[in-house]
Amino acid sequence: MPKEEKHHRPCDFPDCKKAGEYRAPKDRSLKSFYWFCLEHVQEYNKSWDYYAGMSPEEIEAHIRFDEVGRRPTWRVNDLYNHRLWDPLGILGKAHHRATRHTKEQQAAMRLLGLSDNFTTGDLKKAYKTLAKKYHPDKTGGDKALEEKFKNLTKAYQLLLKSLH
Ligand SMILES: [Zn+2]
């Protein structure tokens, strides 16, 4: 297939196996580029356009909105986990940090029944539901359940910290 021989570069989108045939700027300096397949360059351009007129502070503010669910299409952990990417290169630190969960964080996620891509909203909802169920007021002084409640709270606090 001659068309594919021409393009040795794979698409830069995480886990995409297609050829990277289309160039897209990594940042506003336009000095470095990603190479994407058609589908991903289109997606990239959409996010680029979306952020293009904004200062880094404004972009961050928008991402925070996602965290509290004001724009449900963009979830902050999608960005963190490279599902989406970072057109202006400002989220690099954040997603690097959150891509890998520590053993402690993984245990906390299991306790709260959260998947890898949980958002702040998911976390709060999970904690609220479980904390209600295991709150000492409800469990009539059962020591084991009281312990469970403490562990849930610790898990919640740990994960909340990992998101900030
Ligand atoms: Zn692709």
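Predicted model: local features only at pLDDT ≥ 70, side-chain atom pairs only at ≥ 80, totals over all residues.
Within α6, the buried residues are Ala 108, Met 109 and Leu 112. Because these residues cover an arc of only 100 degrees around the axis, they are placed on the same side of α6. This arrangement can be read against the geometry of the α-helix, which has 3.6 residues a turn, so that residues three or four places apart point the same way. On the other side of α6, Lys 103 and Arg 110 are exposed, whereas the cover over the buried residues of α6 includes α7 and α9.

The largest nonpolar core comprises 14 residues, and those with the most contacts inside this core are Leu 112, Leu 123, Leu 152 and Tyr 156. Two or more residues are given to this core by each of α6 (103–112), α7 (120–134) and α9 (143–162), with α9 giving the most, namely 5 residues. Leu 112, which is one of the buried residues of α6, touches Leu 123, Ala 126, Tyr 127, Leu 130, Leu 152, Ala 155 and Tyr 156 when residues up to four places away in sequence are not counted. In soluble globular proteins, nonpolar side chains tend to be buried together.

Methods
Residues numbered from 1 in each chain as written. Core = buried A, V, L, I, M, F, W, Y, C linked by C-beta atoms within 7 Å. Buried ≥ 20, exposed ≤ 12 C-beta atoms within 10 Å, placed from the backbone. Helix = DSSP H or I, 4+ residues; strand = E, 2+ residues; numbered from the N terminus. Contact = placed C-beta atoms within 7 Å. Arc of directions from axis to C-beta.
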